[in-house]
Amino acid sequence: MACDKPTTKTEENTQQTQKKEQNMENGQTQAGVLVLKPMPEFKMEAYDAKSGHYTEVSSEDYKGSWTVICFYPADFTFVCPTEIAAMNAHLDTIEGELGCKVLAISTDTKFSHKRFAETEPLLKDLKLTIGADPTGEVSRKFGVMIEGAGIALRGRFLINPDGVVVAQEVQAPPVGRNVEEFIRQIRAHQHAHKTGEVCPAGWRPGKKTLPVNTDIEPMTGRVGDYITIDEILS
């Protein structure tokens, strides 16, 4: 009777590495982490501030496009209007230049959203669509619902045209987020998605990327020969 060939330590390591790579491709990340997973399906009522009318939005509306889904705790609060106004001020860049669709969401009703947009001075020229999630169903799907409080964390998600979440940022309510840094991340993810290159820390258009799609072997363990810390921090 033939005996199975013993598995060497090297073979075991190779098999483990292959399994990790397969899990990454399949988006099998930790519970609560949406990165590398498909965008959750949803449908909800919303307020379209640009038209001034109520509407309905769903995940189907955002498939095939770069998309930003941005949760905030509540209307008529303090940090939230500053974040919404900052996002709105950069809308020409995010939607026009970068081609990203943007949807803001909180657990308030569409009626609250309308009144909020009409009365808060910072939102005078608001053009965003704000989804209404009063039951918290969508917030739970994205893993940002604060149970018991009935509000969402500050969760911001970037979805690529394949419908896969590529960036996720979640913060506690007291601190607002940086829109300019998020725009930098959008540019970097779009470049990586288009070229197969990867972007080092702080990358911006015009700065050096790492072409691992063509030079992976000579670059392995020698990234410092290709890019310096001064170039990274400049």
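Predicted model: local features only at pLDDT ≥ 70, side-chain atom pairs only at ≥ 80, totals over all residues.
Leu-158 has Ala-167 in S9 as its bridge partner, and Phe-157 is partnered with Gln-168 in S9. The two strands form a hairpin with five residues between them, and Gly-163 in that turn has a positive phi of about 80 degrees.

Now zoom out to the sheet as a whole. It is open, has seven strands with mixed pairing, and runs in the order S2-S1-S5-S4-S3-S8-S9. Strands S2 (53–58) and S9 (165–171) stand at the edges; each has a single partner strand, so one side of each is left without a neighbour in the sheet. Going from one strand to the next, the twist averages 25 degrees.

S1 and S2 run antiparallel, with six bridges joining them. Tyr-47 stands opposite Tyr-54 in S2. This hairpin has four residues between its strands, and Gly-52 takes a positive phi near 80 degrees.

H2 packs on it and touches strand S3 (66–71), S4 and S8, with a direction that makes about 20 degrees with that of S8. Helix H4 (residues 110–119) packs on the sheet too, touching strand S1 (43–48), S2, S4 and strand S5 (129–132). The direction of H4 makes about 20 degrees with that of S1.

What about empty space? Rolling a probe the size of a water molecule over the atoms shows where such space is left. The structure holds one cavity of 30 Å³ or more, and the largest cavity contains about 100 Å³ of space. Helix H2 (79–89) and strand S4 (100–106) are the elements that give two or more residues to its lining. H2 gives the most, with four residues. Among the lining residues are Cys-80, Glu-83, Ile-84 and Met-87, along with Val-102, Ala-104, Arg-156 and Arg-177. By class, the lining of the largest cavity has nine nonpolar residues, three charged ones and no polar ones.

The largest pocket has a volume of about 190 Å³. Which elements each supply at least two residues of its lining? They are S9 and helix H6 (179–195), and H6 brings the largest share, three residues. The lining of the largest pocket includes Val-35, Leu-36, Trp-66, Asn-160 and Asp-162, as well as Val-165, Val-166, His-189, Ala-192 and His-193. Sorted by class, this lining has seven nonpolar, three polar and one charged residues.

Finally, a word on confidence before you build anything on these coordinates. The mean pLDDT of the protein is 89, and 87% of its residues reach 70 or more. Over residues 1–30, though, the pLDDT is below 50, and this stretch has twelve contacts in the model beyond near neighbours in sequence.

Notes. Residues numbered from 1 in each chain as written. Heavy atoms only, no water. pLDDT = per-residue confidence, 0-100. Contact = heavy atoms within 4.5 Å. 1 Å grid on protein atoms, 1.4 Å probe; cavity = no way out; pocket = protein on both sides within 12 Å on 5 of 7 lines; lining within 4 Å. Points joined across faces, edges and corners; volume = space filled by probe spheres on them. Nonpolar A, V, L, I, M, F, W, Y, C, P; charged D, E, K, R; others polar. Pairing = 2+ DSSP bridges. Axes fitted to C-alpha atoms, helices over the stretch in contact; angles between N-to-C directions.
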